[in-house]
Amino acid sequence: MSKHVAEIVTFKLADGVSPADFTALMQRTEGFVRAQDGFVTRQLSQGEDGKWTDYVVWKDMATAKQVAQTFMQQDFAPEVAAALAPDSASMRHEEVLWQMTP
């Protein structure tokens, strides 16, 4: 059985991009993400330091890497990229070893 994989993207917003506008932009990516076979869950958060985290869980590493590539080929990708501060984005993939649910 393959392990779920977390895709963790951290970044800052570009100057002039409001949290409300960015959140609305990311909500526009929902249809694409939900349609991917292997999508488990997703959340978007903003820290007190101004850094953001887009946290997506996929069924396995192959799915996570494949979707990461195709995400940036979608119609919304240029707008998403423009909303991020230059050189602030960092992506990593990690195996989910344990998860606590309510």
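## Close-ups of a predicted model

**View 1. Strand β3, tucked inside.** Five of the seven residues of β3 are buried, so the strand is largely enclosed by the rest of the structure. Keep in mind that everything shown here comes from a predicted model. Strand β3 covers residues 52-58 and pairs with β2, residues 39-46, in the antiparallel sense over seven bridges. Strand β1, residues 5-11, also pairs with β3, again antiparallel and over seven bridges.

View 2. Who faces whom along β3. Start with Thr-53 in β3: which residues stand opposite it? Ser-45 is one of them, and Thr-10 is another. The turn between β2 and β3. These two strands make a hairpin, with five residues between them. Look for Gly-50 in the turn, where phi is positive at about 90°.

**View 3. Leu-84, off the end of a helix.** Leu-84 sits in the loop that links α4 (77-83) to β4 (90-95). Setting aside neighbours within four places in sequence, the residues in contact with Leu-84 are Phe-11, Lys-12, Leu-13, Ala-14, Phe-22 and Ala-89. Gly-38 is another story: 46 residues away from Leu-84 in sequence, with 26 Å between the two C-alpha atoms.

**View 4. Asp-87, out in the open.** Asp-87 belongs to the loop between α4 and β4 too. At 85% relative accessible area, Asp-87 is exposed, since anything over 50% gets that label. The backbone here is worth a look: phi of Asp-87 is near 60°, a positive value in a residue that isn't glycine. Most residues other than glycine have a negative phi.

**View 5. Gln-66 on helix α3.** Helix α3 runs over residues 61-71, and Gln-66 is part of it. Its relative accessibility is 39%, so Gln-66 counts as partly exposed. How far apart in space are Gln-66 and Gln-36, C-alpha to C-alpha? The answer is 10.0 Å, for a pair 30 residues apart in sequence.

**View 6. Stepping back to the whole chain.** Four helices and four strands make up the list of elements, and along the sequence they follow the pattern β-α-α-β-β-α-α-β. The radius of gyration is 14 Å, close to the 13 Å that the globule rule gives for 102 residues, so the chain is as compact as a globular protein of that length. Along its principal axes, the C-alpha trace spans about 45 × 30 × 25 Å. Of the contacts with a separation of 6 or more, 72% are between residues 24 or more positions apart.

**View 7. Surface and charge.** Buried residues account for 34% of the 102 in the chain. The chain exposes about 6800 Å², and carbon and sulfur atoms supply 51% of that area. As for charge, there are 9 positive and 14 negative ones, and their mean positions are 5 Å apart.

Key
Residues numbered from 1 in each chain as written. Predicted model: local features only at pLDDT ≥ 70, side-chain atom pairs only at ≥ 80, totals over all residues. Heavy atoms only, no water. Rg over C-alpha atoms; globule rule 2.2 N^0.38 Å. Buried < 20%, exposed > 50% of the residue type's maximum accessible area, 1.4 Å probe, protein only. Contact = heavy atoms within 4.5 Å. Areas by Shrake-Rupley, 256 points an atom, 1.4 Å probe, with all protein chains shown as cover. Lys, Arg positive; Asp, Glu negative; His and termini not counted. Charge placed at Lys NZ, Arg CZ, Asp CG, Glu CD. Pairing = 2+ DSSP bridges.
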